[in-house]
Amino acid sequence: MMEKLLIICVFVGIIHMIETLAYSVRLAGLKTRKLVVALSLFNIIVIVSRTANMVQAPLTGKLGDAVQSKEDLPVLLHQLQTILLAASIGTIAGALLIPSFVSIFSRMISHLEVAGSVPKMMKNITSIHTLEKAKKHVKRPRWIMLSQLRIGGVPKRLLLLNLMATTIYTVGVLSTLYASTLEPTLSKSILMSSGLINGLAMITLAVFVDPQVAILTEKVMQGESTKQSMNKMVGTLVISRLCGTVCAQILLVPAALYIAWVCKLIP
């Protein structure tokens, strides 16, 4: 069981690391002045996240299947809390990798323009010579970057919405899984509700968060705003995302109880 939990944690960490790095794609696009290409190329990397999610989802479900009685619930709760910890660690890893990612991803955009297609680009960048040159693009995060992150200039409402969406997205599936073990007779209806919960998080991000980031990106492209303001927004969004994964730990059990209660009310 420990091996299975470790595999799940690794996949969850990868998922949250990639989703954290997604904030910095626009920085690479601004650096190269090839924003559309940057967003398109990042979709290839997102496939890794989607694949990791497809693998870990049934494995996580197996943890719930292992619960045979109420005495097994504390073990399951500890496992779910460990998975949420992996989400926070993945977010931190993504944040630390942002400077290197922006530099390396900018080079990938240039390689894509020369190669003309993703398969040719992958063939070119995986050569030993290119990989050796990539070392110089690895950048260590500096404390000065963190000291420059002040909320001033970034809408607090945006950060709150991003925190809420991240919390719901992170805890949604795990809380429904835990709720299904609390109320075994309603397990099917409870598990089916996870799509609705995650849908609310996706709607919040798509309607309220992403458009504001896109507007600021466009202003920077047109010279109406500075790159420093974009760096600040990306940094504060990453911090709010990390806070969201921490809040998910706190809300795991209350959310499970609430979901079970709501499903009981459904006739």
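Predicted model: local features only at pLDDT ≥ 70, side-chain atom pairs only at ≥ 80, totals over all residues.
Residues are numbered from 1 along each chain as its sequence is written, and side-chain values use heavy atoms, with hydrogens and water left out. Local features need pLDDT of at least 70, side-chain atom pairs count only at pLDDT 80 or more, and totals for chains, interfaces and linings use all residues.

The largest pocket is lined by 50 residues, and Ile-15, Glu-19, Arg-50, Tyr-169 and Met-202 lie nearest its centre. A pocket is an open set of points on a 1 Å grid over the protein atoms alone, where a 1.4 Å probe fits, with protein on both sides within 12 Å along at least five of seven lines; lining residues have an atom within 4 Å of a point. H3 contributes the largest share of this lining, 13 residues. Helices are DSSP runs (H or I, at least four residues), numbered from the N terminus.

The axes of helix H10 (residues 194-221) and helix H11 (residues 227-265) come within 12 Å and cross at roughly 170°. Axes are lines fitted to C-alpha atoms over the stretch in contact, and angles run from 0 to 180 degrees between N-to-C directions. H10 and H11 are therefore roughly antiparallel to each other, a term for angles over 145 degrees.

Aromatic pairs number 4, where rings of Phe, Tyr and Trp (its six-membered ring) pair if their centres lie within 6.5 Å. Phe-42 and Phe-101 form an edge-to-face pair, 6.1 Å centre to centre with 85° between the planes; edge-to-face denotes planes over 60 degrees apart. This pair links distant parts of the chain, with Phe-42 in helix H3 and Phe-101 in helix H4, 59 residues apart.

Terms used
Helix = DSSP H or I, 4+ residues; strand = E, 2+ residues; numbered from the N terminus. Parallel < 35°, antiparallel > 145°, perpendicular 65-115°, else oblique. Phe/Tyr/Trp six-rings, centres within 6.5 Å; stacked < 30°, edge-to-face > 60°.
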